[in-house]
Each structure stands twice: as C-alpha cells, then as structure tokens.
Amino acid sequence: MKHAILKYFKFVVAASLLTSCALYGKYERPDNVNTKGLIRDLTSDVDTLQVNTDENFGNLPWREVFTDPQLQSLIEKALENNTDLRNAALNVKMVEAQLKVSKLAFLPSLAIAPQGSIARVMMDGAETSKTYQLPIAASWTIDLFGQLLSVKRSAQMQLLATKDYQVVVQTNIICGVANLYYTLMMLDEQLAIVTDMEGLVKETWDMMKLQMELGRARSTSVQSAESSYYSVQAQAVDIRRQIREMENSMSLLLGEAGHQIPRGKFSEQSLPSNFSTGVGIQLLSNRADVHAAEMQLAQCFYDVETARSRFYPNITISGTAMFTNSLGSAIVNPGKWLLSAVGQLTQPIFQHGQIVAGLKVAKVKQEQAFNTWQNSILKAGNEVSNALLMYNSSAERAKLETKQVEVLTQNVEDTRQLYVSKGSSYLEVIQAQTGLLNARISKVTDEFNKMQAVVNLYQALGGGSK
C-alpha cells in the first residue's frame, strides 16, 4: 500500500513538472480581432477610408488643439477640481495596493504569538508552575506551478486598465469642457443675432404703425408685425435660459457651484482643420478605453492561468523558532530555543468539482472580455467616422448658408423698400425677416457643429492623454 501511494505521488509530481511550463505563458494580442474597414469613406457608401498613419490628430496635446486662453484655464481648473477624476486617481491607488500584496505573496509570511501561563495544583505544598513561549512562525509557498505569478500578472493588468480608466475620465473632462465652452459661445452669437433682429423687427412694427396712421396699411399688418416682434423676444428669452443651463453644467465639471463662465467670441475661435486619423489598430493606439478593454482581456487570460494552476500540487514550507521554558513535562529556567521545520505537498484530487468549474468560468469570462474588446474597437471606429462626417457636412452647409444669408439680407432690405412704395405686402416683409433670422441662426449652428465635430474626433482618437 505504501509503495502504491509513493508511486502515485511520483507520477503526479512528474506530470506536473512536464505540464507546468504552460502555466508561465504571457498574454499576446489575439490575431483574430477584426480591425478592417473601421472608418467609412466620406463620399462612397461602400469604401472605407485609408489615410496616412504617420501623424495622428489624437496624439496632439490638448493645449495645441484648444488654444483659447480662457478655455485652457477652464480645462486646467476642471482637471484639478473634478470629483470624478479624483475618484479615478483613488481607484488607481487602491489597485496599486492590491498589486503590492500580490508581489509580497512570493515572500515568506512571519508571525509572532507570545504566550504565558500560570498553573497550580490545589494541594498543600504544591508549587505554582510558570511557563512562557515566544514563537516566531514562518511559512513559504513555493510557486512551482505559477499560481502566485499569474495572480501577480493579473493584478498588473488590472492596474493598467484602471490607469486607462483614469485617462478616459480625463479625456471626457477635457472634451466636455471644450464642448460646453463652444456651446456657450454659439448661444452668445445666436443671442446677438436675435437681439439684432429684434431691433429690425421693431423698426418694421413702427413703420407699419406709421403707415396705418397715414391710411396706407391695415391694422392686421400692424398686428402681424407686433406678433413677430414678440416671437423674436421669446426666442431671446429661451436662448438666455439655455446659456444659464450651460453655465451651470460647466460649473459642475469645474467642481464649483453654478456661476457665470468667462469666454471669448465665437468668431475668434480657431481649430485644426486637417486630420490624419490612422488605420486599423494603429488608429486606436491612444484610445484609453480600448486599451483598458484589452488589459481586461489580458487579466482574464492570467485568471485562466491561475484557475489551471489549482489542478497542480501546492508546496508549502513552514518553520518555527520558539524560545520557551516548557519542554514537555519539564520546565527549565532559563528557557531554551526549540526549532522545527515542516514541508507539505498538497495535491487536489476531488474538490466537489469546484476547481473544474472555476476553470470553465474563467475561460467563459475570457471569451466575454474578448467580445467586449472587439466591440470597443468597432465602436471607436464608428465614432471617428461620425465625427469626420459631421465636420465635412457641417462645413459644406455653412458655406451654402453664408450665400443664403447674403441673399436674404438683401431680400429684407428690398422688401422693406417695396412695402413703403406699396410694391409688396406686409406678409412678404415679415417672411423675409423670419427667413433671414432662421438662416443666420442655422449658419451659426453649423459653424458650431464643425467645432463640436473637431472635439468629438479628438476624443474618438483618444486625445487628451498628454
């Protein structure tokens, strides 16, 4: 029986040594991830975009993209005060502490547990016995099959993913502040347009009242002009409300109570217009969320290694050094050193299916992590495509609306002159003014959409990490 048991353990150890090399593998990026055709061509419905990869718009530091001094000041304040970014930094500290624990697991554990006792037999003449023990115990797990190593590597991947999340939060804050800043300036521009139009509509109303007093116009034309004047005023009220809401949102990003936001003028803004986006996986080299998804996949890879290592023996060496005066049945003073060492090998045989189930679960999680990573790549390419499309379409619309505003401006002037000379009706005057107002606001909106597309593209390419 003893020989059979000894032979079994020899077989287990030999098999483990032959197969343990597979437990020390390092994560390598899978070659079956789909990175083809991530960005659609802007003019063709079937082609994908192939551009130069030497430069990437997302590599630019955010100060080179957003050059407005007031915007830079707001971004710096947000990066300093934003609570989400602070919490992300704290998450990094927590994971760093966990990684330190996994590294220290390779070292022996030490413990000291001194104790003393007093005993006396309740008999006449019996002496009181006093004993003491000062033990120092050490235990060391030999990582022969890579369990501690895979746990450490998994923690390292978790730390990288957590740092990536911190970068994601930073990028979102930078681009969020920029978007709100440009939105505020757009609303300022729209308010200026509405205010300017309010004066023009008021002049038309006064002109029609004068025409009615001279018997050249009806009361209905005056009423229509008055109604148009109130409509323009209502638009101004709505824009002021939106400005206040945007300022409150910006203040929240800055980690402050709602207040007025200092800003420049819409017409003075300058943003990059030439973009080199890169292709395939190179496109996403800066995307912290994509990299975080891959690091989570790597973490799951090492979790599978950990689960597989649990099938192999666990070797532990324990030792104790104890200074004591209690040596069995004898008590000596002064005390003596008592040393002991024990080696233990534990080979799992039947664990109610827990080890097998743990490995299966780890493999399923690895498959899920791969799917999440693949989806993050496709999502990133989709965001880049949408940002490029928005920029180009908004730029084209803005050019057309510039011509439209020029035509409608002249149309308003001509219609007013014709109305005075009875060559047009009051409805034509009001329609011309309404058309001009809508065209000017639409043009400002499309100019803003161009700015927003630049910000979105910068964010989609992982900008803001530098």
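Proline 135 has methionine 322 of β4 as its bridge partner. The model is predicted, so to speak of local features requires pLDDT of at least 70, and side-chain atom pairs count only at pLDDT 80 or more, whereas totals for chains, interfaces and linings use all residues. Residues are numbered from 1 along each chain as its sequence is written, and side-chain values use heavy atoms, with hydrogens and water left out.

Helices (H or I, at least four residues) and strands (E, at least two) are DSSP runs, numbered from the N terminus. Two strands pair if DSSP finds at least two bridges between them. Strand β3 (residues 129–142) and strand β4 (residues 314–327) run antiparallel and are joined by 10 bridges. Strand β2 (residues 115–119) is also antiparallel to β3, with 5 bridges. Here serine 117 stands opposite threonine 131 of β3. Strand β1 (residues 109–112) pairs with β3 over 4 bridges, again in the antiparallel sense. Leucine 110 has alanine 138 of β3 as its bridge partner.

Helix α8 covers residues 288–309. The expected span of a helix is 1.5 Å times one less than its number of residues. Buried means under 20% relative accessible area, exposed over 50%, and partly exposed in between (1.4 Å probe, protein chains only).

Glutamine 190 lies in helix α5 (residues 147–213). Its relative accessible area is 8%, so glutamine 190 is buried. Contact means heavy atoms within 4.5 Å. Leaving aside residues up to four places away in sequence, glutamine 190 touches Ile239, Ile441, Val444 and Thr445.
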